[in-house]
Amino acid sequence: MTVDFRRPVPLARALRAEGTVTRATRRLFRTEGRILDAETLAVLASSEGVYLAAPPERLAELKARYRMRPLDDSPAAAPSDAPELVDA
């Protein structure tokens with residue numbers, strides 16, 4: 001994985017993390033991701049990576065551990081035990 005740090009990350013500001021699979025073969029996945037300032041949408045960091053596919057049982061374990069879910073900006077989409085965002 002390579003990361004390009006573009007701007008300093010402001011303290012006490014909400015961040016947004018996005019990631020996509022840009023190419024998938026039988027065993028490898030190429031991905032891109034970025035971290036944005038949630039208010040201004042300025043790109044703070046971007047990344048690219050190549051990953052080996054995990055077996056289905058390991059993938060299920062990782063999804064449960066890290067609460068991976070499709071992107072949905074609605075507040076109702078957040079898990080009930082997710083921390084609430086507050087302004088500091």
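This is a predicted model: local features need pLDDT of at least 70, side-chain atom pairs count only at pLDDT 80 or more; totals for chains, interfaces and linings use all residues.
Residues are numbered from 1 along each chain as its sequence is written, and side-chain values use heavy atoms, with hydrogens and water left out.

Let me begin with the sheet, which is open and built from four strands in the order S1-S4-S3-S2, with antiparallel pairing. Its edge strands, each pairing on one side only, are S1 (2-5) and S2 (15-24). Strands here are DSSP runs of E of at least two residues, and helices are runs of H or I of at least four, numbered from the N terminus; two strands pair if DSSP finds at least two bridges between them. Between S2 and S3, which spans residues 28-37, there are nine bridges in the antiparallel sense, and valine 21 has threonine 31 in S3 as its bridge partner.

Strand S3 also holds aspartate 37, which counts as buried because its relative accessibility is 4% (buried is under 20% relative accessible area, exposed over 50%, partly exposed in between, with a 1.4 Å probe and protein chains only). A polar atom of the aspartate 37 side chain lies 2.8 Å from the backbone nitrogen of glutamate 39, and one lies 3.1 Å from the backbone nitrogen of threonine 40.

That brings me to the salt bridges, of which the structure holds seven, a salt bridge being a side-chain nitrogen of Lys or Arg within 4 Å of a carboxyl oxygen of Asp or Glu. Arg13, Asp37 and Glu39 are linked in a network of them. Within it, glutamate 39 meets arginine 13 at 4.0 Å, N to O, and this pair joins distant parts of the chain, with glutamate 39 in the loop between S3 and S4 and arginine 13 in the loop between S1 and S2, 26 residues apart. Glutamate 39 is exposed at 65% relative accessibility, whereas arginine 13 is partly exposed at 33%.

In helix H1, residues 56-66, arginine 58 and glutamate 61 are separated by about one helical turn because they are three residues apart, and their salt bridge has its closest N and O atoms 2.6 Å apart. Glutamate 61 also forms a salt bridge with arginine 65, at 3.6 Å between the closest N and O atoms.

Notes
A polar contact is a pair of N or O atoms within 3.5 Å; within protein, one must be able to donate a hydrogen and the other to accept it, and residues adjacent in sequence count only if both atoms are side-chain atoms.
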